[in-house]
Each structure stands twice: as structure tokens, then as C-alpha cells.
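The stops below are meant to be selected in order.

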Amino acid sequence: MHTEKCDEGHREENRKAGRRRSLIQDVSLFDDSGEPVVLPADNLGPRGMFVKSDILFEPGEELWISFNVPDGPKVVVKGQIVRGEFGGEGKPAGMGITFTDLTPRERQWLERASSESDDETDAWQIVEDDSN
């Protein structure tokens with residue numbers, strides 16, 4: 001597990017472009033051991049998510065993520081930790097995760113969910129892109 005904050009350049013390099021929305025639900029992370037770690041999601045976009053956690057996995061570590069796509073199905077996708085944050089100054093502690101094996105259909109669900117207005121789904125709120 002990662003115990004040091006990523007340096008600023010590395011963190012900025014790994015931030016994903018695109019629209020993000022806050023996501024109010026728990027997600028399950030699974031590593032090779034198969035034991036789930038349930039954490040609250042902070043935001044979700046078509047290429048990744050940020051989960052809140054005081055326990056940080058190593059950047060580069062691969063894992064499986066299980067979550068419900070708003071107005072879509074439950075998905076289980078492979079992801080990779082791209083950054084860790086200890087939090088502070090109004091930002092939560094947690095990890096940025098990029099999705100590495102989305103099917104075309106999963107990508108379509110996430111892109112649609114990310115582009116919906118707040119009026120179309122109660123689980124989403126638009127957040128600034130600088131959070132992941």
C-alpha cells in the first residue's frame with residue numbers, strides 16, 4: 001500500500017481530462033487476493049474514478065472495481081491506481097483509478113452517464129475536473 005503522497009508533477013500527469021460527476025455509492029475494489037475492499041466513490045468519469053480512502057494502494061497496482069453505473073448495469077472492470085492523495089485543504093484522501101479494460105458497451109454507458117445533466121439522474125452532480 002502507498003504511504004507517501006505522489007509528487008505534484010506525477011499527480012498532474014495522471015489526472016484525466018473530461019467531465020466528472022460526483023458519485024454517491026460504495027464501490028468494491030478487489031486485488032489478486034480476491035478480498036473486497038469497499039470504499040465510497042467521490043467521482044466517476046468515462047475513463048476512471050476517484051475513491052475516498054485513508055488506506056492507499058501503490059500507484060501502478062492493478063485491481064478489479066465493481067460498481068453500479070447510474071441508469072445502467074452493475075459492472076466489474078479492471079483498473080490501475082494512478083495516484084494517491086492524503087487529502088487536506090478541502091480535498092478528500094483517496095486514490096485516482098483509471099479503467100484499463102472497458103468494453104465498448106461499458107465505455108458507452110459511462111460516457112452517457114458522464115454527459116447527463118443533473119436533472120436526468122439524482123445520483124450525479126457535476127464537479128470540477130481537477131479532482132481526478
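This tour goes from the whole chain to its confidence, then to a few strands and residues.

**Whole chain**

Start with everything selected, and keep in mind that this is a predicted model. The protein chain contains two helices and eight strands. Colour by secondary structure and follow the sequence: the order is α-β-β-β-β-β-β-β-α-β. Switch to a surface next. The protein chain exposes about 7,000 Å², and 47% of that comes from carbon and sulfur atoms. Of its 132 residues, 44% count as buried. If you draw the contacts with a separation of 6 or more, 61% of them in the protein chain are between residues 24 or more positions apart.

**Confidence**

The mean for the protein chain is 77, with 72% of the residues at 70 or more. Select residues 94-99, strand E7, which has the highest mean pLDDT among the elements, 96. Then select residues 124-127, strand E8, where the mean is the lowest, 36.

Now select residues 1-17. The pLDDT stays under 50 there, and the model has 34 contacts beyond four places in sequence for this stretch. Residues 117-132 are also below 50, and this stretch has 48 contacts in the model beyond near neighbours in sequence. Where pLDDT is low, the predicted coordinates should not be read in detail.

Select residues 48-52, strand E4. Is E4 mostly enclosed or open? Four of its five residues are buried, so E4 is largely enclosed by the rest of the structure.

E3 and E4 run antiparallel and are joined by three bridges. They form a hairpin, with three residues between the two strands.

Bring strand E7 back into the selection. How many bridges join E4 to E7? There are five, and these two strands also run antiparallel.

**Gly94**

Stay in strand E7 and select Gly94. Its relative accessible area is 0%, under the 20% cut-off, so Gly94 counts as buried. Which residues are in contact with Gly94, leaving aside neighbours within four places in sequence? The list is Phe50, Val51, Lys52, Ser53, Leu56, Arg83, Gly84 and Glu85. For a distance check, pick the C-alpha atoms of Gly94 and Ile55: they are separated by 7.5 Å, while the residues are 39 apart along the chain.

**The aromatic pair**

The last stop concerns ring pairs. A search of the whole structure finds one aromatic pair. Show the side chains of Phe67 and Phe99: the pair is stacked, at 5.7 Å centre to centre with 15° between the planes. Phe67 is in strand E5 (residues 62-68) and Phe99 is in strand E7, so the pair links parts of the chain that are distant, 32 residues apart.

Terms used: Residues are numbered from 1 along each chain as its sequence is written. This is a predicted model: local features need pLDDT of at least 70, side-chain atom pairs count only at pLDDT 80 or more; totals for chains, interfaces and linings use all residues. Side-chain values use heavy atoms; hydrogens and water are left out. Buried means under 20% relative accessible area, exposed over 50%, partly exposed in between (1.4 Å probe, protein chains only). Contact means heavy atoms within 4.5 Å. Accessible areas come from the Shrake-Rupley method with a 1.4 Å probe; for residues, only the protein chains shown count as cover. pLDDT is the predictor's confidence in each residue, from 0 to 100. Rings of Phe, Tyr and Trp (its six-membered ring) pair if their centres lie within 6.5 Å; planes under 30 degrees apart count as stacked, over 60 as edge-to-face and the rest as tilted. Two strands pair if DSSP finds at least two bridges between them.
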